[in-house]
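Let's take a walk through this protein together, beginning with the overall layout and then stopping at a few individual residues. Have the structure open beside you as you read.

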Amino acid sequence: MNEDIDFWVSKVRWNGKRLDIIHAHENNNNSVGSYLEMSRQDVISRMNKGYVFCSVLKKNDGKWKKGSYFMTDGNVINNIDTKLPFIQTKRKCFISYYHKDDFSYKNTFLNLMSDLTVSKSVVEGDISSDLKDEYVKQLIQKDYLYDTTVLIVLIGSKAKCRKHVDWEISGALNRKVGDSYAGLLGLKLPSHDDYETGSTTYSKIPARLADNFKSGYAVIRNFTTDRKKLQEYIELAYKNRKVKFDSRVNSRIQMKNNSCN
């Protein structure tokens, strides 16, 4: 990163095709700290006074990297980085996954999305019960599932046969758990047979997730490190919890045992 940069830009909001608002971080020794919200006119005014603005993007390890410089002709801002995510409400996300195989993808997601979402995911070792009723009860009491608005299922090759994944999906779809249902987003991992094939085989994803994908309630996409796309997928699932709540399906009997190792 560069010392000649006055402000790092991490997020943007558009008004049609025109930039409206940015989140700008003062460059303090090449660090990205708290942000200032600046209007388009504020940015142009500062740039006309010689201030330098540059986009800043997150890497898979959660560290920031330099993007592209903003440019202006005095009236219009040009060269706005299309990879910048949007300024919008942070959704409360719980990640359901098979710990043994897919832990690295959970970490990558959290690294990439830490400033765009509120993590409600279980801290490793915090929930110990192997009994479904006690497990879900702890998730509620420890404030993981209670107010989750989007449950994200990382779909690896063995997610379909893990009982905890089934229990977590069931809990998120149960209104008794919180004040509303959670939206459902499934992300197919590179280890899954259907990754980037353009299709999703019902029998190769968790059955309860498949029920809701068939009904139109769940959203399923490929896992990506594109923050803007992940933000878009989360919003789709969040919207479904509002407009398609009658399509959720949670009648299946919960799994008692894992069906694979």
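**A guided look at the model**

Helix H4 (residues 163-173) lies across strand E8 (91-96), E10 and E11, and runs at about 160 degrees to E10. Such angles run from 0 to 180 degrees between N-to-C directions, with axes as lines fitted to C-alpha atoms, for helices over the stretch in contact. Helices (H or I, at least four residues) and strands (E, at least two) are DSSP runs, numbered from the N terminus. Helix H6 (residues 227-243) also packs on the sheet, where it touches E8, E9, E10, E11 and E12; contact here means heavy atoms within 4.5 Å. The direction of H6 makes about 145 degrees with that of E11.

Before going further, a word on what you are viewing: this is a predicted model, in which local features need pLDDT of at least 70 and side-chain atom pairs count only at pLDDT 80 or more, while totals for chains, interfaces and linings use all residues. Residues are numbered from 1 along each chain as its sequence is written, and side-chain values use heavy atoms, with hydrogens and water left out.

Now for the sheet itself. Five strands make up an open sheet with parallel pairing, in the order E9-E8-E10-E11-E12. Its edges are strand E9 (117-119) and strand E12 (219-222), each of which pairs on one side only. From one strand to the next, the twist averages 30 degrees. Two strands are taken to pair if DSSP finds at least two bridges between them.

Strand E10 (residues 150-155) is joined by six bridges to strand E11 (residues 183-188), and the two run parallel. Within that pairing, isoleucine 152 has leucine 185 as its bridge partner, and isoleucine 155 stands opposite lysine 188. E8 is linked to E10 by four bridges, again in parallel, with serine 96 opposite valine 153. How well is E10 enclosed by the rest of the structure? Six of its six residues are buried, so E10 is largely enclosed. Buried means under 20% relative accessible area, exposed means over 50%, and partly exposed lies in between (1.4 Å probe, protein chains only). Val150, Ile152 and Leu154 cover one side of the strand, and Leu151, Val153 and Ile155 the other.

Zooming out, the chain has six helices and twelve strands. Of its 261 residues, 45% count as buried. Among contacts with a separation of 6 or more, 68% come from residues 24 or more positions apart.

Next, turn to helix H1 (residues 40-48), where Arg40, Val43, Ile44 and Met47 are buried. These residues cover an arc of only 95 degrees around the axis, which puts them on the same side of H1; the arc is that of the directions from the helix axis to the C-beta atoms. An α-helix has 3.6 residues a turn, so residues three or four places apart point the same way. The buried residues of H1 pack against strand E2 (18-28), strand E3 (31-39), strand E4 (53-58), strand E6 (71-72) and strand E7 (77-78). Just after H1, glycine 50 takes a positive phi of about 105 degrees.

Two other residues have a positive phi without being glycine. Asparagine 79, with a phi of about 60 degrees, sits in the loop between E7 and E8 and is partly exposed at 39% relative accessibility. Glutamate 196 also has a positive phi of about 60 degrees. It belongs to the loop between E11 and helix H5 (207-215), and glutamate 196 is exposed, with a relative accessible area of 58%. Most residues other than glycine have a negative phi.

Finally, visit two buried loop residues. Serine 121 lies between E9 and helix H3 (132-141) and is buried at 9% relative accessibility. The side chain of serine 121 reaches the backbone nitrogen of isoleucine 95 at 3.0 Å. Beyond its neighbours within four places in sequence, serine 121 is in contact with Cys93, Phe94, Ile95, Lys106 and Tyr144.

Leucine 116, in the loop between helix H2 (99-113) and E9, is buried with a relative accessible area of 6%. Leucine 116 and glutamine 231 are 115 residues apart in sequence, yet 7.5 Å apart in space, C-alpha to C-alpha. Not counting residues up to four places away in sequence, leucine 116 touches Lys11, Pro85, Lys90, Arg91, Arg227 and Gln231.

Technical notes: Polar contact = N/O pair within 3.5 Å; in protein donor to acceptor, adjacent residues only side chain to side chain.
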